[in-house]
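Student: I have a new structure to get to know. Can you walk me through it?
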Amino acid sequence: MMAVGETAVGRSGGRVLGVLGLVAGLLTASPPERLTAQDSFPSHPPKAAPLAPVRFPPFKEATLPNGVELILIESHALPVVSASLSFRAGDIFDPPGKEGVATFAAELLTKGTRTRSAEQIAATIEGVGGSLSASAGEDFLTISVGALSDRVGLMFDLLGDVTRNATFPDAELALARTRQLSALALEMSQPGSVASRMYRKEIYGPNPYGRSPTEKSYRAVTQRDIRDFAETRIRPQGALLVVAGDVTLARAESLVQTAFAGWAGAPPPSPAPVTAPARRATDIVLVHRPGSAQSTVLVGNTTALPTDSLYYPGRVVTQVLGGGADSRLFRVLREQESWTYDAHAVLRRFRGVGYWVAALEVRTEATDSALKELLHQIELIRTEPMAGPELDAAKGYLVGSFPLSIETASQIAGQVATTKLLGLGPDYLRLFRERLSVVTAAQARLAARRLYHAGEFSIVVAGDGAKLYSKLKAIAPVRIVDLQGRPLTESDLVPQAGPLPLDSDQLVSHRDSFVVLVQGQPIGTRTTQFERTADSLLYHEHFVLGAAGEQQLTLAFDASDMSVKRVDETGTMRGQKNEVHLVYGAGRVKGSAIMPQPSGPPRTLAIDTAIVANTYDDNAINVVIPALPLALGRTFPIRMFSSGDGRSKVFTATVS
């Protein structure tokens, strides 16, 4: 591979010479022999070319008087400089019950200092075409900055300012909290995210790597918590500053000492590591997501420290198992069986004990079959020799893609920072490809046996427990939990809807009106009115959606118990008639429905159906919900009758 310093000129010149040489060859070469159709498609790929050395730029290191370790990767090919300043201040250092402190600290570092507001910081760095950001991972909090080399002084001035003088304004904390809560709500609506949180908790137990922020923990974090965290953990002693690009060591040292003049101190010792729980048998945690059309399946266990030599063969064997579109999991589970939307495996390293996980996104009805095949594929890779072409393909991909990760100054800085922070040794980057390329099939199989703990896997399945439980318990013992990890029983999988605790006093006479907007443009209106009569509560709604159609709805409730008495709905939608007339009483619902269809004429239903007590028309749900005691986290099983298909079903509403 070309040295980083040769990127701009060397590659550009190489392209020109290569094109000229190709043209000259076409003009002077003898006409090629005519190829037959069979010869034009070789049956075997060409042999791989010898591995070209990666001439990784040499490091220059210095330890500053305040204890900051400075590493410089000097490259003058492009007039840019990138820097990353890392501290042992990641998520694992969050105080218990206040998970999210490190995340908030990182987000607010660039949102105001003693002399600059958030707007001034953003305008200053963006005004010179640079970037400034901070992020918190599991182990480390990192501040990253980049700019053109003629603005390197301003770059380090900003880095020093946000590192030492951040004020963590209350107003910015409120905005950050809102963003994180919104992101958490979205995360908890995704089966993959729910399964991942539960998986980390399962494999790490009380170890800090197993903790995840919650709505409660986000709300518990105060400005004082963030300031205390920053003052304690963001200290120079033991910090790592990696600078890459168009700057000399002497210049970088001078700028850093100016930016951080007078800054001193050390963070407290890291707490003793908490051992992840040992497992003696494989079991399944079933995270119940009622009505989910697909399942997320995670299988894996904890592995080793980042410096363990197991990493190289382990990286190769994990690539073979689930590293890409040519991996075993992808070929078998997706291409051959068509069970999964996604099938992959990854190997994660932390400063402490890492983990591996195989993940599937699978249709609900195929969940048990896909899980059985996944376990079978893991056992095969642990016990059977790996074919030479399969091994070579995995190594070829890993070796060949590595240079793509060190093309820019910021990528180089990131790679060097990771290497140093995880304690991977001075030769790690220089010898990375060589160490991968010499992994043998025997070493890969031994690594699989060490990595993949047969009979001791943690398995997490997030999906519809009512449809999955009986099938999964035939594979391994099953524990059922809800989305927050609270234990459930088998009987909880099928909610039983009883009387709703409705407070009719919450439903006062009122009128509301709304404008329907699409991309800021009004396309319709919705008006609602609620009124009380002597014996009824009446709800009226008029909905207009431009040329698409309109609808009028009237609901009548019994004033004594809020049960539905009558539903009348009329309108048109995309030129089709929509009409529902239903009467509820004496354990039955009677009437008719004309429902628009995506294609073809409207569907007409004659309805005369027995229903149990406390059944609500699907049009009435939004009306009665405000009369429920809406305590955070509370759930309400509700029996609903759908006039669209003439059937009843139970669904669960959760306050969030």
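Tutor: Let's start with one term. Contact means heavy atoms within 4.5 Å. Take the contacts in the protein with a separation of 6 or more: residues 24 or more positions apart account for 68% of them. Keep in mind that this is a predicted model.

Student: How many helices and strands are there in the protein?
Tutor: The secondary structure comes to 18 helices and 24 strands.

Student: And what does the C-alpha trace span along its principal axes?
Tutor: About 90 × 75 × 60 Å. The protein has 656 residues, and 44% of them count as buried.

Student: Let's pick one residue. Where is N578?
Tutor: N578 sits in strand β19, which covers residues 576–585.

Student: Why does N578 count as buried?
Tutor: Its relative accessibility is 7%. Buried means under 20%, so N578 counts as buried.

Student: Which side chain has a polar contact with the side chain of N578?
Tutor: That of Q551, at 3.1 Å.

Student: What else is N578 in contact with?
Tutor: Leave aside its neighbours within four places in sequence. Then the contacts of N578 include E569, T570, G571 and T572. I594, M595 and P596 are also among them.

Student: How do β19 and β20 pair?
Tutor: In the antiparallel sense, over seven bridges. Strand β20 is residues 588–595.

Student: Which way do β20 and β21 run, parallel or antiparallel?
Tutor: Antiparallel, with eight bridges joining β20 to β21, residues 603–610. K590 stands opposite D608 in β21.

Student: New topic. What about β7 and β12, parallel or antiparallel?
Tutor: Parallel, over four bridges. Strand β7 is residues 283–288, and strand β12 is residues 478–481. The partner of V285 in β12 is R479.

Student: And how do β12 and β13 pair?
Tutor: In the antiparallel sense, over two bridges. V481 stands opposite P487 in β13. The two strands form a hairpin with five residues between them. In that turn, G485 has a positive phi of about 85 degrees.

Student: How does the lining of the largest pocket divide by class?
Tutor: Into 13 nonpolar, 13 polar and eleven charged residues.

Student: And how much space lies in the second largest pocket?
Tutor: About 870 Å³. This pocket is lined by 41 residues. R348, R349, G414, T418 and L422 lie nearest its centre.

Student: What gives the most to the lining of the second largest pocket?
Tutor: α14, with eight residues. That helix spans 409–421. Others that each supply at least two residues include α10 (311–322), β9 (340–348) and α15 (428–437).

Student: What are the class counts for the lining of the second largest pocket?
Tutor: It has 18 nonpolar, 18 polar and five charged residues.

Notes: Residues are numbered from 1 along each chain as its sequence is written. This is a predicted model: local features need pLDDT of at least 70, side-chain atom pairs count only at pLDDT 80 or more; totals for chains, interfaces and linings use all residues. Side-chain values use heavy atoms; hydrogens and water are left out. Buried means under 20% relative accessible area, exposed over 50%, partly exposed in between (1.4 Å probe, protein chains only). A polar contact is a pair of N or O atoms within 3.5 Å; within protein, one must be able to donate a hydrogen and the other to accept it, and residues adjacent in sequence count only if both atoms are side-chain atoms. Ala, Val, Leu, Ile, Met, Phe, Trp, Tyr, Cys and Pro count as nonpolar, Asp, Glu, Lys and Arg as charged, and the others, Gly among them, as polar. On a 1 Å grid over the protein atoms alone, a cavity is a set of points where a 1.4 Å probe fits but cannot get out, and a pocket is an open set with protein on both sides within 12 Å along at least five of seven lines; lining residues have an atom within 4 Å of a point. Grid points are joined across faces, edges and corners, and a volume is the space filled by probe spheres set on the points. Two strands pair if DSSP finds at least two bridges between them.
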